[in-house]
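Welcome! Let's get to know this structure through a few questions and answers.

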Amino acid sequence: MPEAPILLVLAASAASPGAAGMPRGLDRDPIILGLSLIQRTALAARRAGYAEVFLLGGGDGKAPGIAAVADWTSLIASLSSAPASSLIIAPAAILAEGEWLERLASARIEPAGWGTIPNRIVMLPAASVSDAAKALDPDGGARGFRELEARLALRFGPPARILAAIDPMIVETPADVGAAERRLLKSLVKETDGFMARHVERPISLQISRRLAGTAITPNQMSLISVAVGVSGGPFFLSSRPVLQTIGALLFLAHSILDGCDGELARLKFQQSRWGGILDFWGDNVVHTVIFGCMGVGWSLAAGSIWPLALGAGAVLGTLGSAGFVYWRLMRSKDGGDTLFTSVSDTPERPLTRLLDSASRRDFIYLVILLALFGRSNWFLVMAGIGAPIYFFLVLFAARPRGSSEGGESTVAPGANR
């Protein structure tokens, strides 16, 4: 199995004025959503599985996880003591993103050649690194991406073209900073978002996260804020008055919006964690339990009867049953910093899995709001009181082994968004 690749970032001071990929009208290390470009590069590369990250010509290290080397000679000395690995070179002005970094790490080119995305990426297989370093080191070292590519072309001949699907962005002007932020925020939209979540909640949560990214607020703090907002909406369903039920429903919606922010901040700040995923998962289920429980109690008080409590108990027990089963079957056995999935099965192509995934989306909140406007949130409790237990048994059914090849199927309850 080949060694993980090494990433070399060519800092501003290592390139000549006007070289491709150099910032124009910017500080040398512009801030993008709370982190500098170099910080983002180091953190994104580490998360994508790169063995080392070097900053050439950048003086002292500017970010944890990145080693500064003064010149090509120093880089050659550092690489000589490391296992043979492919070397990927990028300018400091590049916007590092996990998706293309991972694709690049798995890309392969001829052992004695080199590949490039012009003015953005140079890739050297392990067999070419030593010869390439010798070509880049003389006469003060290659300065700038154009000179680097020119020297490699003289040494190895024409480059191979790296995957067309890899399209890194270079942040060169003040206008590029805003474009880079929009690109990163767009990447946070998940394919598993429901219709209303994608078109209503996600645009709002992204704007909140954009403003919080540069603050000290952590994803876990955001999870707790979201839970507090959701739980505070529960008592409003104890009343049969439309105005109070509507306030509770809107707080429920606010919880759902803020619940997107914790995962967004975790990805933007590279603070994903197993604990954060579990907090988010159980926080969502606590909010749902409180909302359903208060609906049942409120209807019981309004009707002067205890039978609505049975519907509330069905909704609560069905929700907790699904969550508990999922945690027992999947989450408790995950290791280290693994994050959680948003699916009821690890075989999402199955019709039942797709149905359960659709049912787990929180678009139902808008039905709660609509009913609350007329003081009829108890109508939703009828659906939840019957539907939640059915959903629980279907999750059990979806998790059953089907032959030896599928016996390890696992499930995850709705709400895990990291």
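Buried means under 20% relative accessible area, exposed over 50%, and partly exposed in between, with a 1.4 Å probe and protein chains only. This is a predicted model, where local features need pLDDT of at least 70, side-chain atom pairs count only at pLDDT 80 or more, and totals for chains, interfaces and linings use all residues. Residues are numbered from 1 along each chain as its sequence is written, and side-chain values use heavy atoms, with hydrogens and water left out.

Q: Is Thr 41 buried or exposed?
A: Thr 41 sits in helix 1 (residues 37–47); helices (H or I, at least four residues) are DSSP runs numbered from the N terminus. Leaving aside residues up to four places away in sequence, Thr 41 touches Leu 7, Val 9, Ile 94 and Ala 96, where contact means heavy atoms within 4.5 Å. Its relative accessible area is 3%, so Thr 41 is buried.

Q: How many of the 27 residues of helix 9 are buried?
A: Helix 9 covers residues 242–268, and Phe 270, with a positive phi near 55 degrees, follows helix 9. Helix 9 is mostly covered, and the number of its buried residues is 19.

Q: What distance separates the end C-alpha atoms of helix 9?
A: The expected span of a helix is 1.5 Å times one less than its number of residues. For the 27 residues of helix 9 this gives 39 Å, so the span agrees with the distance between its end C-alpha atoms, 39 Å.

Key: Helices (H or I, at least four residues) and strands (E, at least two) are DSSP runs, numbered from the N terminus.
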